[in-house]
Amino acid sequence: MSAHENMEHAEHAEHAAHSNKKIALLIAVLALFLAFSETLGKSAQTKAITLNVTSNDLWAFFQAKTIRMTVLRTAAEQTQLEVDRATDADTKGRLIKTIDNWKKTADRYDDEPSTNEGRKQLVERAKEAEHERDEALARYHQYEFASAVFQIGIVLASAQVITGMVVLGWLSGLLGLVGLGFTAIGFWVPHAVHLF
């Protein structure tokens, strides 16, 4: 091997080492962004699950209040029949007082702004929890897309090291930008893009 050939090999090795350092840096940056998107995705997923449980609990509480309210109103109507048949004024007075208490309780079950636990308030709270759950799920899906794109970018960058095909590095960098786009969409406008 001549000195000229040795010099060419040395230059080629130096160029390859410099190129590999750039790819290694690209892989490190993509891995960093992947970690961010995975962390944000896991957080959004956990929030969505928690809010789903919360909305289910609120709807169950709403149903329980509805059942109690219906039972009290039915009992009040049934007792009213006894009031209509009663001849004793004292008995009639006690029954009317009982009916009034049941009706007030049934009305409180329907609308109780002081505790935020009336049926009307429970419906609003459940719908709000469902809306927040849907937002968290949309964020989660965007972060998952971002993670997938970052992972593909890492694979392509790694493939450039092995094959020396520069186009793979460029594709990897482009995918990194796409992944950042999905991460930004998930963070600021999670319903902007629907892929599935």
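**Helices, cores and side-chain pairs in a predicted model**

K21 is exposed, with a relative accessible area of 63%; exposed means over 50%, buried under 20% and partly exposed in between, with a 1.4 Å probe and protein chains only. The structure is a predicted model, in which local features need pLDDT of at least 70 and side-chain atom pairs count only at pLDDT 80 or more, while totals for chains, interfaces and linings use all residues. Residues are numbered from 1 along each chain as its sequence is written, and side-chain values use heavy atoms, with hydrogens and water left out.

K21 belongs to helix 1. Helices here are DSSP runs of H or I with at least four residues, numbered from the N terminus. The C-alpha atom of K21 is separated by 9.7 Å from that of V161, although the two residues are 140 apart along the chain.

Helix 3 has 45 residues, and from its first C-alpha to its last it reaches 65 Å, close to the expected 66 Å. The expected span is 1.5 Å times one less than the number of residues. After helix 3 comes G164, with a positive phi near 80°. Helix 4 covers residues 166–188; its 23 residues reach 34 Å between the first and last C-alpha, close to the 33 Å expected. Its buried residues are L168, G169, S172, G176, G179, F182, T183 and G186.

One of these, F182, is also part of the largest nonpolar core, which has eight residues: L30, L34, F145, A146, V149, F150, I154 and F182. A nonpolar core is a set of buried Ala, Val, Leu, Ile, Met, Phe, Trp, Tyr and Cys residues joined through side-chain atoms within 4.5 Å. Helix 1 and helix 3 each supply at least two residues of this core, and the largest share, five residues, comes from helix 3. Apart from this core lies another, of six residues, including L58, F62, L122 and V123. In soluble globular proteins, nonpolar side chains tend to be buried together.

L34 touches S147, F150, Q151 and I154, leaving aside residues up to four places away in sequence.

The structure holds four aromatic pairs. Rings of Phe, Tyr and Trp (its six-membered ring) pair if their centres lie within 6.5 Å; planes under 30 degrees apart count as stacked, over 60 as edge-to-face and the rest as tilted. The ring centres of F33 and F150 are 5.9 Å apart and the planes are at 35°, so this pair is tilted. The pair links distant parts of the chain, with F33 in helix 1 and F150 in helix 3, 117 residues apart. F33 is partly exposed at 23% relative accessible area, whereas F150 is buried at 0%.

W59 and F62 form a pair whose ring centres are 5.6 Å apart and whose planes are at 85°, so it is edge-to-face. Both residues lie in helix 1, three residues apart, about one turn of the helix. An α-helix has 3.6 residues a turn, so residues three or four places apart point the same way. W59 is partly exposed, at 24%, and F62 is buried, at 16%.

Charged side chains complete the picture. The charged end of R68 sits over the ring of Y109, 5.9 Å from its centre; the criterion is NZ of Lys or CZ of Arg within 6 Å of the ring centre and within 35 degrees of the ring normal. The whole structure contains seven salt bridges, each a side-chain nitrogen of Lys or Arg within 4 Å of a carboxyl oxygen of Asp or Glu.

One of them joins E112 to K65, with the closest N and O atoms 3.8 Å apart. E112 lies in the loop between helix 2 (89–110) and helix 3 (119–163) and K65 in helix 1 (residues 3–85), so the pair ties together parts that are 47 residues apart in sequence. E112 is buried at 12% relative accessible area, and K65 is buried at 5%. A network of salt bridges links K65, R108 and E112.

R119 and D110 form another salt bridge, at 2.5 Å from N to O. R119 is buried at 18%, and D110 is buried at 18%. In helix 3, R139 and E135 lie four residues apart, about one turn of the helix; their salt bridge has its closest N and O atoms 4.0 Å apart. R139 is partly exposed, at 25%.

Note on methods: Contact means heavy atoms within 4.5 Å.
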